Amino acid sequence: MNTPKLELVVSAGPLKGRRYTVSETGTRLGRSSSCEIAVPDPALSRSHCLFEMRNGEIWVTDLASANGTIVNGTELGSDSVKLAPGDIVLAGDTEIKVAMDKAQAAVDAGVEQGGDVGAQPTVETEAEPAGGPIDLGLGGGDAVEPADAGDGPVKPNVMRLALWAVAGLAVLAAAFMILGTPPAADEPEVRPVAAVEPVSSGRLLAVSYEKIRASSEGIYRFALSYSQDGMLSAMIDDVPKTDRHVDKTLKLSPAKVERLDSQLKDAALYSLQSAYVGASLRPDELKSVRLRIVRTTGAFETSVENMQEPEALRDARERLEAFAKNELGIWGIDKSVDELKAMSADARRNGDAKWEERDVQHGNLAQAIAAYDEAAMLLETVNPKPDGFDSLLQRIREAKAELDRRYREQCFRADKAINLKDWSTALIELRTLCDLVPDDRDPRHAEANAKLLDVESRQKGGRK
C-alpha cells in the first residue's frame with residue numbers, strides 16, 4: 001500500500017485557502033520573506049516553525065518561536081511531531097490543516113465511486129439525429145440497460161472514462177506548453193530547492209545537548225541548553241557514585257552568544273545522519289550523545305548510542321562543553337571527588353600565598369581572591385564539604401571586604417589629584433587603581449581605565 005501524499009492547507013489566517021507541498025529540504029513558516037510560507041503576522045517569529053518530510057511523512061518543529069507552535073491544541077515545545085491527515089497546526093493567527101494531496105484525493109474518490117472521478121459536466125445537444133440518441137459514453141442521453149442487467153450495480157461506462165481522461169490530458173498539455181508548468185489553483189510560488197540556505201548559515205536560536213553514561217553502578221548525565229532569550233543552562237547529575245547535582249544558569253552577553261554561535265558553525269556537522277546506533281559491549285551499559293541545534297534556516301538533530309562518535313560531532317561537542325564549563329564555572333565537573341579536593345587545596349594554598357603578600361604588590365589581593373574563588377568553585381559539587389570549607393568562605397568575604405576598602409581609598413586619592421589638576425599624581429593613583437582590580441571584566445577596572453585615558457590625553461594635550 002502506497003503512503004498517502006499529504007499537503008498543507010491554510011484553513012484560517014491571512015493566507016486562508018492556499019495549499020502547500022512540503023519539499024525534502026523542508027518548508028518554513030514565519031514572518032520573514034525568506035520563509036516558504038511567509039505570513040505578515042506580528043504574532044509570528046521571523047522563522048516560526050519548520051515542516052519536513054521524513055520517510056514520506058510530514059513532521060513539524062517549532063524554531064524556538066516567541067509565541068510557540070500548537071498542534072491539535074497542545075503546544076509543541078522543543079520536540080518534533082509527526083503529522084497525520086486532519087491534524088491542525090496553529091502558529092500566530094495562521095491555522096494549517098494537514099490534508100491529502102488534491103490529485104490523490106481525486107483518484108481515491110474515483111476508485112471508491114466506481115471510477116467516476118468527480119462531478120462531470122453534462123453535454124446537451126440542440127436536436128437528436130434520426131433514429132434516436134447515439135450513446136457515445138458521455139452521459140448525454142438515457143442509456144439503455146442490458147436485458148440481463150437485473151437489479152445489480154451499474155457498471156462504469158468505460159468509454160466515458162476514457163474520453164474524459166484524454167480530454168484532461170489534452171488540457172494539461174496545453175497549459176504546460178503555455179505556462180511551462182501544470183496549472184495549480186491558487187497555489188503560491190514555491191522556491192526551488194537550490195534557493196534553500198544551508199542550515200549552518202542561519203543565526204543561532206537554540207541548542208539542546210545531552211550526554212549520558214549509565215551502567216549498573218550509576219548514571220552520569222550532563223545536559224546543556226541555550227534558549228533564544230540568551231540563557232545558558234547546565235544540569236549535571238552523577239548518582240549514586242558521588243551524589244553530585246549541578247543546576248546553573250547564566251544570561252550570555254551578545255558577544256558571548258556570537259562566540260557560542262561560532263562554535264557550532266562547522267558545515268560538516270550538519271551533514272551527519274540523524275542517528276547512529278551500535279551494540280553495547282555490556283548489556284547493562286549505555287553511552288549516548290544527543291545534539292539539537294535550531295537556527296533561523298532550520299533545525300538539525302543527531303544522536304549517537306553505544307558507538308564511536310563521528311569526528312564532526314565529537315569536535316562540536318568538545319567545543320560546546322568547554323564553552324559552557326568556562327562560562328558557568330563548572331569545568332572541574334568531570335573530575336573525581338578526590339581530584340576536586342586536591343585541586344581545591346592547591347588553589348587555596350596559592351590564595352594564601354598571595355594573601356600574605358597582599359602589601360607587596362597591588363595586584364596580589366585580587367589574585368588571592370581569584371584563587372580562593374576557584375578553590376570554592378571546585379568544591380561546589382562535592383558533598384559533604386571537606387573540613388575547612390567554612391573557613392575558606394570566611395576568607396573570601398574578608399579578602400573582598402579588604403579589596404573594597406582599598407579601592408575606595410585609592411579612588412579618593414585619584415579624584416583629589418584630578419580635581420587639583422595634578423595630572424602627574426593622578427596618573428600614578430589611577431594606575432594603582434587599575435592594578436588593584438586588574439580584571440578588565442570588572443566594572444571598577446573599566447571606570448578607572450576610562451579616567452586614566454582621559455588624564456593621559458589631558459597631559460599630552462596640555463589641557464586643563
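Q: How do β3 and β4 run, and how many bridges join them?
A: Strand β3 (residues 27-30) and β4 run parallel, joined by two bridges. Strands here are DSSP runs of E, at least two residues, numbered from the N terminus, and two strands pair if DSSP finds at least two bridges between them. This is a predicted model: local features need pLDDT of at least 70, side-chain atom pairs count only at pLDDT 80 or more, and totals for chains, interfaces and linings use all residues. Residues are numbered from 1 along each chain as its sequence is written, and side-chain values use heavy atoms, leaving out hydrogens and water.

Q: What stands opposite Gly-30?
A: Ala-38, in β4.

Q: In what order do the strands of that sheet come?
A: The order is β4-β3-β5-β6-β9, five strands in an open sheet with mixed pairing. β4 (37-38) and β9 (81-82) each have a single partner strand, so one side of each has no neighbour in the sheet.

Q: And the sheet with β7 in it, what is the pairing there?
A: Antiparallel, in an open sheet of six strands ordered β2-β1-β11-β10-β7-β8. Its edge strands are β2 (19-20) and β8 (74-75). Two bridges join β7 (residues 70-71) to β8, and Val-71 stands opposite Thr-74.

Q: Is Cys-35 buried or exposed?
A: Buried, with a relative accessible area of 1%. Buried means under 20%, with a 1.4 Å probe and protein chains only. Cys-49 is buried too, at 0%.

Methods
Helices (H or I, at least four residues) and strands (E, at least two) are DSSP runs, numbered from the N terminus. Buried means under 20% relative accessible area, exposed over 50%, partly exposed in between (1.4 Å probe, protein chains only).
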